[in-house]
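Please read these points with the model open beside you. They are meant as short notes for someone new to reading protein structures.

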Amino acid sequence: MPVIQTIDADGNESREYVNPFLQEVNKFVKDELTVRQNILGRRVRGVGASYPKPVEWAYAKTAWGIVSSKTVNGVKLGLPGSTVMSDSKGNLTLYNTSRNVPNKPLLSEIEITNEGALGSMLRATFKFTIYPELTQSGFDLEGIERAFFIPGNEVLIQWGWSISGNSNRACQGNFDGIINNFNWSLNEDLSVSATVSACSPSALAVGISAEMTTKTEVDGLSAQVVDPAELELVGSNMIKVIDVDLSAQTGSLELTDGQFIYLPSTDTVSKKIDYFAIGLPFQESEEIDVNDIPQPIPQTFWYIKLGSIAEFINKLLDDFDDPIKTIFRVQCFGNETQYLKDVKSAYPLDIYFPDYQMGAYGDLNPFNEERSYLREGVSNTSNSNLSSNTINIGNILIGVDFLKETFENLVSDNAANINYKNLTKFLEEITKRINHASGNMYQFTNIMFEPKVNNVKNSTSVSILSIEDYNIHTATPVKAFQFDSTIFKPIIRAVNISSSPPGPSATAAFVAARGNIQPESTEVQVAKNDQRNKKTFWREYNTALGNIRSLSSVVKRRGFNNNWSESFRANLVKYRKTSLNDDAHWLYNAIYPVNLSITIDGINGFKFGDALKTQMVPKIYNTDYNMIFTVFKVTHVIKENDWETTIDTYSRITTIPGDFGPGYDDSVATVPGLTVPRLERVGEQ
């Protein structure tokens, strides 16, 4: 979870951990909506003593909006009714005596929304019309062109209601953006209509190339890099640093099966990256079900912690000139996901879980309980406050061969397309590989967490590109905000509920509706307990778990190869689909394709990840599935003296584990030629 550093009014510094995917609605938003309910839920015209605020809020509130250039002083756009269109006395200054057309731009609409896979990145669009002076050489846009028609220029967008029900913070909003595109057209009355788009500064992270190079040579790093134009570059990117560091180790280190060493950065050429080496049995033969396969060959494989990759990227960002270094940081160390002792990587040459249980394959166990790096914090010597059932995402080991191959694919094969070689794409490929290696039990993703957008007061942090598990439980229980028609009927404008499941989920729903759901039919079990075929689930689960243990037990004798990995991952997937026990974290608050969209009178403060509950759904969603909705998109539209806010949500369901009764005794491995001991019921192992 992102660590947010804040400083209060007394100068005291504190650290706050935030789960960006599951948050509580801010108090000032709840208070504002409560007051609006009280104002609009009664007859404000003639009940009780005279009180102007209810009358004004209900009948006379007006939305305003202003767009100001932060690059060109004095250039400002305003919606009708804003101070931009009037002088200090309130007199309209839109027209002058020499022209019968407006002499100021007419701002007509503002739209602010968060979008994209990174979640909280903001984008804004504003539309306006201008009536320029015509000359022999053309029309003159003066400051408008320099302010709004140059990508990279900065703007400040402000909007709100003319009066608040309770909280000015909830009734006003602002957005600092960077212009990234625009278009304009000439109308028949010789006016110019323009649409300008701006993005939040953190959106620039998407465009930073993974080919970043340091500005000065690293101490002791003599190797030089040549770019595609045959020009020598000073310093090196991460992959070149790895090449230089490990070239010094080639031939000098040969580990036997299960041996493990740690190479600190202080002992490397570059002095930048810590490395880990593990001796693993490698099998070139693809066969796994015959007895005469060749003896596996012990090989040494090098790894880097995922968190160390993030730290290296941050060091590269520090070498950039401002404002790049002030936009965002990458965070991984300290982020948590669930500790699943029976889960191991299906592709240990690419991804390795450095733990005495998750990293053990039968007798092959490079780690012991005292040397289990998944349990530790930022460094190998400092323990964090992680609970006993979580691990530190930053300590997962990433194979350097996989890193180099991924980097080369992004940069070399897509040299002309920055969208496929940027920094965020590079991190995305790494997290996708971890998810795949875990049988998708983990759902790691990169999210841009912006403290300002998330209403974090007194934050000193820049935006955080955080590597998170999408389905992880939050350490602190999150209380969903009750978003019901009894509260919002007076100000609600539209409600839409939809469900668009992918093909496999639709098939699963068809089967579940007939009361005979099978474990291989669905990714997420959403049938009620009495609809599940419990014995089939239990048998399939035990079979998958038995196969996982069996395949692990033969590694030293047969070695790792692609066939082993594919078979191992298939059993991880079956294990995930059929487990209904506490180890199945992916079943709790799992995303399911029922979406709720609500449009209300404009309000500021809802954010990505806010948890909502509502009665505006069939009651079975709240009784059988304990469904909550998490906000993934908030859109504000301000035009024609009005402001409306649309909140789009994804549903999350909590399934209720069933009691399977006595364990079944027919759980045996299905790998040819292999058997495992009879398994007992989960919880008694």
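The points below cover a pocket, a surface patch, a glycine contact and several salt bridges.

1. On the model itself. This is a predicted model, in which local features need pLDDT of at least 70, side-chain atom pairs count only at pLDDT 80 or more, and totals for chains, interfaces and linings use all residues. Residues are numbered from 1 along each chain as its sequence is written, and side-chain values use heavy atoms, with hydrogens and water left out.

2. The second largest pocket. Its volume is about 900 Å³. A pocket here is an open set of points on a 1 Å grid over the protein atoms alone, where a 1.4 Å probe fits, with protein on both sides within 12 Å along at least five of seven lines; lining residues have an atom within 4 Å of a point. The lining has 40 residues, and those closest to the pocket centre are Leu-122, Asn-174, Phe-175, Lys-452 and Val-453.

3. Strands S5 (106–114), S9 (154–161), S10 (172–186) and S28 (628–639), together with helix H4 (168–171), each give two or more residues to the lining. Helices (H or I, at least four residues) and strands (E, at least two) are DSSP runs, numbered from the N terminus. S10 gives the most, with seven residues. By class, the lining has 16 nonpolar, 16 polar and eight charged residues. Ala, Val, Leu, Ile, Met, Phe, Trp, Tyr, Cys and Pro count as nonpolar, Asp, Glu, Lys and Arg as charged, and the others, Gly among them, as polar.

4. A nonpolar surface patch. Leu-134, Phe-182, Trp-184, Leu-186 and Leu-190 make a patch of about 470 Å². Such a patch joins nonpolar side chains (Val, Leu, Ile, Met, Phe, Trp, Tyr) within 5 Å, from residues with over 30% relative accessible area and no salt bridge. S10 supplies the largest share of the patch, three residues. Trp-184 lies in this strand.

5. Around Gly-609. This glycine sits in the loop between strand S26 (588–601) and strand S27 (611–613). Gly-609 is buried, with a relative accessible area of 1%.

6. The whole structure has 14 salt bridges, each a side-chain nitrogen of Lys or Arg within 4 Å of a carboxyl oxygen of Asp or Glu. In one of them, Lys-61 pairs with Asp-601, with the closest N and O atoms 3.7 Å apart. Lys-61 lies in the loop between helix H2 (52–60) and strand S3 (63–69) and Asp-601 in strand S26, so the pair ties together parts 540 residues apart in sequence. Asp-601 is buried, at 7% relative accessible area. A network of salt bridges links Lys-61, Arg-493, Asp-601, Asp-642 and Glu-644.

7. Two further pairs. Arg-549 and Asp-342 meet in a salt bridge (3.5 Å, N to O). Arg-549 is partly exposed, at 30%, whereas Asp-342 counts as buried at 17%. Asp-610 and Lys-607 also form a salt bridge (2.8 Å, N to O). Asp-610 is buried at 0% relative accessibility, and Lys-607 is buried at 4%.

Terms used: Grid points are joined across faces, edges and corners, and a volume is the space filled by probe spheres set on the points. Patches are made of residues with over 30% relative accessible area and no salt bridge: like charges are joined within 9 Å, nonpolar side chains (Val, Leu, Ile, Met, Phe, Trp, Tyr) within 5 Å. Accessible areas come from the Shrake-Rupley method with a 1.4 Å probe; for residues, only the protein chains shown count as cover. Buried means under 20% relative accessible area, exposed over 50%, partly exposed in between (1.4 Å probe, protein chains only).
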